[in-house]
Structures are given as C-alpha cells and as structure tokens.
Amino acid sequence: MSVLSEIRKRIILQLLDRHGKVKSTELSDILNVSTETIRRYILELDKQNKLKKVYGGAIKVSHSSLQEPTMFERNIINIEEKKRIAYQAARFVQTGDVIVIDEGSTTLHLVNFLRHVEYLTIITNSFSIVDKLITARNNKLFNGEVIFIGGIVNAQHFRTNGLISEEILKNLSVNKAFVSVDGINPITGLTCFDKENAQLTKLMIMQAKETYVLIDESKIGRTCTFKVTSLEQVDYVVSNSLYPDDWHPFVIKQMVQWITC
C-alpha cells in the first residue's frame, strides 16, 4: 500500500471520528479519487476493525474489535449486499424442505424470499425471524411450520443458545442449514465472536445434509475468537464478493462451492 493511500485512509478515520459517519460520495470529492477507490479503502479499514462499512459509506466503531456488534448495528451494515445474498440463497430452498436458519442480520433477510415456498418447516433460534414468520403466517403469506429453538435468551442479539438450545437441536434433522458467521478464512475456517453462538451454529451444520454460509465481504479474511468448524464441512458459501485469489487452492481442495451475487 502506498504512502498516499495510507494518508487518505487516515483522513477517512479522522473525519469519521469527528462526524460519526461518512459517505463514499463525499469522501470521493474530498480526497479527489473515485468512489471505487474509497470503497476499497473502507473495506480494508473494516477488515482491520477501524470502522464499519455500511451502505453508501461507513460508521464509527463503537465497540471493541473483540466484541460482536449489536443486532441493531448489524442490521444497518451492508444492508443491500445482505439482501442480494439472501435472495441468492433462497433459490436453493424447495417445496417441503426442512431448514434451519441461524440468527443473523443476513439470514434475517432470507425470510422475505421464502414466503412463496410451499410447506416449509423452518427451525430457528432467532426471535426476529420467528416474528417475521408469525406475521407472514397470520397474513396468509406463509403456510409452513415454524419450530423455535428455546434456550438461554441473549437479549442484545435477540437469539437463544446454550445447552438447552443444543439439546433441542440434537433431536432435529434438517435438509439444509443457512448459517451466519463473523469471520471466514481458509485456514481457521468459520469463526464467531461468541462461544455459545459458535457451538450452536456448529451443531446446525452437523444436523444438516447441506450447509449454506451467508456472508458479506466484510467477513472474508476475518478470524474471530471462537471456531465454528473447518471450511471443508461447508457445502456452499453465498457472498456478494469472490474470495481472494490466494484462497483458490484451499477452496478447491475443500470442495466448497462459492457463489457470488
């Protein structure tokens, strides 16, 4: 990375510290570079946990890099990309499937694209997903079954996990698992900020015949504290970005199908 690029990124962080949020178009004018260059800077800074990439710009990081953002923070980060990822993943769901949907800001959008699928059984540990499904069911927009995985309530993230959740899930067998993680790397595999969440996500993968990992580009290359599983246990990764070129031997070796949208 050139010295000039590092200076520009430092200016971005200074503006962010002053205003709390920045827009890519405004940064492009201020720094006299293309919006694509600004987007690259923001993505690099996001992966270093110095800011959070959101649609159209970035917001200031208000939490430790070792801590998971709140549900409300996650819901505004890369929202358009997450909708595209969810739409692509929903195309793999078929009539009569039994699926498990992990709690996550990307998987939450998945529900919007499943309402037309007949006779689904959806299992989840997400209060937000259950709320959407109940509303759709009451409005006769969804005719499937909903199974909520009970357990210890995580109020900050509107989900359940822990030993009770795991015991419930162990008695369920599913066709497909749609999971969300905080980081993906060919060496460390799938990782999460939260230990209990990592364990439940791992069990979802184990109970499913096929696994789909839904991630936006900010998760690519990131390694968090708690490991979920290795990449070889995953069947599909659905993302708005292709993996880095130097990942190719690992992805091919572990027979993961990487789907971009």
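Contact here means heavy atoms within 4.5 Å. The model is predicted: local features need pLDDT of at least 70 and side-chain atom pairs count only at pLDDT 80 or more, while totals for chains, interfaces and linings use all residues. Residues are numbered from 1 along each chain as its sequence is written, and side-chain values use heavy atoms, without hydrogens and water.

**Helix pairs**

Helices (H or I, at least four residues) and strands (E, at least two) are DSSP runs numbered from the N terminus. Axes are lines fitted to C-alpha atoms, for helices over the stretch in contact, and angles run from 0 to 180 degrees between N-to-C directions.

| Pair | Axis distance | Crossing angle |
|---|---|---|
| α8 (residues 163–170) and α9 (residues 195–207) | within 10 Å | roughly 5° |
| α2 (residues 24–31) and α3 (residues 35–47) | within 9 Å | roughly 110° |

In α8, S165, E166, L169 and K170 meet residues of α9, including L200, L203 and M204. By contrast, α2 and α3 are roughly perpendicular to each other (65 to 115 degrees). Here S24, T25, L27, S28 and L31 of α2 meet T35, I38 and I42 of α3.

C192 belongs to strand β11 (residues 189–192). With a relative accessible area of 1%, C192 is buried (under 20%; exposed is over 50%, partly exposed in between; 1.4 Å probe, protein chains only). Beyond four places away in sequence, C192 touches residues that include S180, N197, C224 and F226.

F158 sits in the loop between β7 (152–154) and β8 (159–161). F158 counts as partly exposed, at 31% relative accessibility.

Note on methods
Parallel < 35°, antiparallel > 145°, perpendicular 65-115°, else oblique.
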